[in-house]
Amino acid sequence: MTTKFRMALRKPLEETTWQEIELGGLLREPGSARAYRVGDWRSQHPVWTKSRCIRCGVCWTVCPEPAIIEEPGGYFDMDPDYCKGCGTCARECVTGCITMVPEEE
Amino acid sequence: MAKKTAAAKRVGMEVSIAVSYAVQLARAEAIAAYPITPQTHIVEHLSSLVANGELDAEFVNVESEHSAISTCIGMSAAGARTYTATSSQGLALMNEILYIVSAMRFPIVMTVANRALSAPLSIWNDHSDIMGARDIGWIQVFVENGQEAFDHSVMAFKIAENHEVLLPIIVNLDGFILSHVVEALEMVDQATVDKFLPPYVPLHRLDPRNPVTMGAFALPEIYTEVKMNHQVTLTKSYDHILKVWDEWGKLTGRQYHPVERYRTEDAKILLLIMGSLAEVAEIAVDEMRDQGLPVGLLKLRMWRPFPFKDLRDAVNGAELLIVCDRALSLGGVGGPVMSEVRSALYPMAQKPATLGYIIGLGGRDVNPGNIKDIVARAQQEASQGPQEEFHLYGVRG
């Protein structure tokens, strides 16, 4: 999905010159913010213990990004491109089935 | 004055009312404003014109200047020809939005009736309000009398709305000294203005059939490029401003220049002033010329974009340049106009000694005798070498 939206931009930002700026910084393509992968900021990520997950969707609801994907079968996982590792899902999880795990070097 | 159009009529009118008629003649479609002394009469009269059906515009009453300019953004974004006016604390309250108007390229026209900033509370005239908004990225001009206030209020729309420009513009006029004075003015009729100023055609606007994102977030990779785009557009607007001024000059016989000159031929001493005090300085220059002093006067009309070449040409041959500021840059080099003028002249091989005198703060009266006194003091200072960075002229103690 990220690749698709990256291609929707006229040009990568770092190659765009001042002459190519749209009037007043206007954006004509919707959804361009998707090209910015905030998942790069992450220092930890959520891990679900499926045996304790009741598939209530609270994690999906509270994710501020949103970067939690519902999988087939009703379980949830993070979207690595957009999860910032904030830990809101782990904090709010009803059964405590989400653990925040530090990123590996 | 060259030939006058047949339509030109000379009428006695308060300058604020004349400005509101200029906005009416320009067929402004959207106005949001909050009353503040000494700008009040402008928007008060516009509000009457709208209420009486004499101007077909949306007049939005708001609770603050921050809301006034924000509302103007919305109306301009919707594609309307948009106008507002403010002064002093009102301009200061607009501050954060002013940068957004220009960066998002909304051609809003605003009159600023220049007034001192608090504290202490002062409703009287100086330029400290607009100098606090120096770097907002708008086109900025200063006028010296009611006729200029009227003319520039009409021309502003044509400059701002040019598709090569699309920048907001502030017409600065001195509070009370101009805003509340009745002058004999040559108005221009509706047919002439309609021919001069076609309806506004927005290049981009809010349109559900063609949605766009305005005012988006910019990453460090692109912010500098956006600023450069704005910088170049504002600098290049110079050419379009001159084209509009020339066209108005042909239409009315009143020709305007970025740096106006008064009796500058063979002048060794030049005064530089912005706004209405230039007329006081004219009287002083006449008297000094009568006494054989080679003194002339420059009036800086175009403040943004800064007219570097015009200024350098205008001071060529002068030995002493006395810049009279109407604002104080506290703890800094003195007056903002003086510091910019001195910077602009710095690369010249042969340049006049530039001295700064700050006058007329918070409505302090300045008469022709004061101007002559400043010239005498500056001459003495120039011969002895500057003693101070600047002078706060007339201060007691």
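In what order do the strands of the six-stranded open sheet of chain B run? The order is β9-β11-β10-β13-β14-β15, and the pairing is mixed. Keep in mind that this is a predicted model, with ipTM 0.89 and pTM 0.93.

- Chain B comes out with an average pLDDT of 96, and 98% of its residues score at least 70.
- For chain A the average pLDDT is 89, with 90% of the residues at 70 or above, that is, scoring at least 70.
- Residues 1-8 of chain A are the stretch to watch: pLDDT is below 50 there, and beyond near neighbours in sequence the stretch has eight contacts in the model.

**Two domains in chain B**
- Chain B splits into domain 1, covering 9-252, and domain 2, covering 259-392.
- Taken over C-alpha atoms, the centres of domain 1 and domain 2 of chain B are 28 Å apart.
- Where they touch, domain 1 of chain B puts in 26 residues and domain 2 of chain B puts in 20 residues.
- On the domain 1 side of that contact, at least two residues each come from α5 (128-131), β6 (139-142), β7 (169-174) and α8 (220-252) of chain B.
- α8(B) has the largest share of that domain 1 side, with five residues.
- Sorted by class, the domain 1 side facing domain 2 of chain B has 12 nonpolar, 10 polar and four charged residues.

**Where the chains meet**
- Between the chains, 18 residues of chain B are in contact with 13 residues of chain A.
- α8(B) turns up here too: the largest share of chain B's side, six residues, comes from this helix.
- By class, the chain B side that touches chain A has 12 nonpolar, three polar and three charged residues.

- Strand β14 (residues 353-358) of chain B runs parallel to β15(B), and two bridges join them.
- Looking at individual residues, B:Tyr357 has B:His391 in β15(B) as its bridge partner.
- Helix α11 (residues 336-345) of chain B packs on the sheet and touches β10 (269-273), β11 (295-300), β13 (320-325) and β14 of chain B; the direction of α11(B) makes about 150° with that of β13(B).
- Helix α12 (residues 368-384) of chain B lies across β10, β11, β13 and β14 of chain B, running at about 130° to β13(B).

**The seven-stranded sheet of chain B**
- Chain B also has an open sheet of seven strands in the order β3-β2-β4-β5-β7-β6-β12, with mixed pairing.
- Its edge strands are β3 and β12 of chain B, and each pairs on one side only.
- From one strand to the next, the twist averages 20°.
- At the β3 end, strand β2 (residues 30-33) of chain B pairs with strand β3 (residues 58-61) of chain B in the parallel sense, over four bridges; B:Ile31 stands opposite B:Phe59 in β3(B).

- As background, most peptide bonds are trans and most residues other than glycine have a negative phi.
- B:Thr37 and B:Pro38 are joined by a cis peptide bond with omega about 0°; B:Pro38 sits in the loop between β2 and α2 of chain B.
- The peptide bond from B:Arg304 to B:Pro305 is cis as well, with omega near -5°; B:Pro305 is in the loop between β12 (302-304) and α10 (308-315) of chain B.
- Over in chain A, phi of A:Arg55 is positive, near 60°, and this residue isn't a glycine; A:Arg55 lies in the loop between β1 (44-48) and α2 (58-62) of chain A.

How values were computed:
Residues are numbered from 1 along each chain as its sequence is written. Chains are lettered from A and ligands numbered from 1 in the order in which they are written. This is a predicted model: local features need pLDDT of at least 70, side-chain atom pairs count only at pLDDT 80 or more; totals for chains, interfaces and linings use all residues. Two strands pair if DSSP finds at least two bridges between them. Domain bounds come from an automatic or database domain assignment. Two residues are in contact if their C-beta atoms, placed from the backbone, lie within 7 Å. Ala, Val, Leu, Ile, Met, Phe, Trp, Tyr, Cys and Pro count as nonpolar, Asp, Glu, Lys and Arg as charged, and the others, Gly among them, as polar. Axes are lines fitted to C-alpha atoms, for helices over the stretch in contact, and angles run from 0 to 180 degrees between N-to-C directions. pLDDT is the predictor's confidence in each residue, from 0 to 100.
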